[in-house]
Amino acid sequence: MSVRCFWSSTARSFTRSSPAAPGLLCWRLLGPSSATRRNMSSERQMDHLEKTSSNYRQNALYPAQVCGIMDESETVKRVRIAVHPDFSFKAGQWVDFFIPGVETVGGFSMCSSPGLLQREGVVELAVKYTKHPPAHWIHTMCAVGSRVAMRVGGDFFFNPSPSDPSVDLLLLAGGVGINPLYSILLHTAGLLHLNHASGGREYKIGSAHLCYSANNTQELLFKSSIIEVCREFPDKLSCDLHVTQQSTDVDSHLQPFINRGRITEEELRAHVDPQRTLCFLCGPRPMIEALSKTLMDFGLPKDRILFEKWW
């Protein structure tokens with residue numbers, strides 16, 4: 001089925017009607033739309049909509065259809081989704097994920113870049129297996145042709161304009177928290193490609209360094225692509241991949257990039273310039289809290305440390 005041909009039938013799969021153009025679901029958001037930082041102190045388990053109620057959201061809910069699904073690792077499914085032509089997002093943002101017949105609304109960060117959406121009309125999600133109904137559905141029932149709906153939200157993104165000053169990105173990821181940071185890394189590479197194609201420096205892109213930690217190399221998502229994009233722009237992009245519970249030998253092609261153990265203070269210090277560094281963090285709560293404190297101890301201003309807590 002063509003990416004562009006199923007919107008009207010998809011819209012009919014959902015019970016809410018839309019006053020917008022045929023095939024486009026458009027719901028008005030209830031509640032505040034102002035952007036605030038996530039509450040880091042709450043211990044109570046909240047669902048995605050409650051946890052993100054104070055975050056920015058687009059007003060439109062778009063129909064979408066799964067057009068590809070694969071195993072990214074033993075515990076993570078990578079889902080490719082064809083979206084409505086008006087769908088747009090910024091690198092690092094997430095979606096509210098609505099599944100017909102599933103009451104709970106999911107929340108998943110895009111792992112693909114805005115450039116892929118522009119070229120092919122698709123976005124990608126990488127979802128780890130849990131018993132949470134939306135993730136469980138993706139792992140047990142989702143198939144090519146499955147129809148869903150998505151709404152973009154989130155204040156955690158990298159979306160520079162050509163007039164913005166150059167910054168050096170420090171991307172710190174733990175586990176499946178790599179998703180929004182991988183999107184940002186790919187978007188940065190895409191902007192570098194645009195600069196090269198234009199024969200100039202339309203976007204003022206500094207450097208980007210990714211520190212990514214997981215239990216073992218099998219759980220280091222997108223590792224080959226990360227290494228490839230860093231090799232493509234060695235003067236601009238770099239990465240250090242960490243494994244904390246590796247019990248087998250590391251493949252030879254990965255060895256130059258693999259560090260055993262957690263991300264260290266020395267590694268962070270080498271990539272922090274309080275005047276130029278903009279840091280994005282996404283991962284487990286203890287990791288974010290510990291690394292945020294270390295970065296501030298190094299003199300990085302709080303407003304240059306942006307975090308997305310993975311729920």
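Q65 counts as buried, because its relative accessibility is 8% and buried means under 20% relative accessible area, with exposed being over 50% and partly exposed in between (1.4 Å probe, protein chains only). The residue belongs to strand β1, which spans residues 62-71; helices (H or I, at least four residues) and strands (E, at least two) are DSSP runs numbered from the N terminus. A polar atom of the Q65 side chain lies 3.0 Å from the backbone oxygen of G145. The model is predicted, so that local features need pLDDT of at least 70 and side-chain atom pairs count only at pLDDT 80 or more, whereas totals for chains, interfaces and linings use all residues. Residues are numbered from 1 along each chain as its sequence is written, and side-chain values use heavy atoms, with hydrogens and water left out.

Across the protein, eight helices and twelve strands are found, and 52% of the 311 residues count as buried.

Strand β1 is part of an open sheet of six strands with antiparallel pairing, in the order β4-β3-β6-β1-β2-β5; two strands pair if DSSP finds at least two bridges between them. Because β4 (102-109) and β5 (122-128) stand at the edges with a single partner strand each, one side of each is left without a neighbour in the sheet. On average, neighbouring strands of this sheet are turned by 40° against each other, direction ignored. Four bridges join β1 to β6 (residues 147-153) in the antiparallel sense, and P63 has A149 of β6 as its bridge partner. Helix α4 (residues 133-140) packs on the sheet and touches β1, β2 (76-83), β3 (94-99), β4, β5 and β6, where contact means heavy atoms within 4.5 Å. The direction of α4 makes about 85° with that of β4; axes are lines fitted to C-alpha atoms, for helices over the stretch in contact, and angles run from 0 to 180 degrees between N-to-C directions.

Seven aromatic pairs are found in the whole structure. Rings of Phe, Tyr and Trp (its six-membered ring) pair if their centres lie within 6.5 Å; planes under 30 degrees apart count as stacked, over 60 as edge-to-face and the rest as tilted. F97 and W137 form a tilted pair, 6.4 Å centre to centre with 55° between the planes. Because F97 lies in strand β3 and W137 in helix α4, this pair ties together parts that are 40 residues apart in sequence. Both F97 and W137 are buried.

Definitions and conventions
A polar contact is a pair of N or O atoms within 3.5 Å; within protein, one must be able to donate a hydrogen and the other to accept it, and residues adjacent in sequence count only if both atoms are side-chain atoms.
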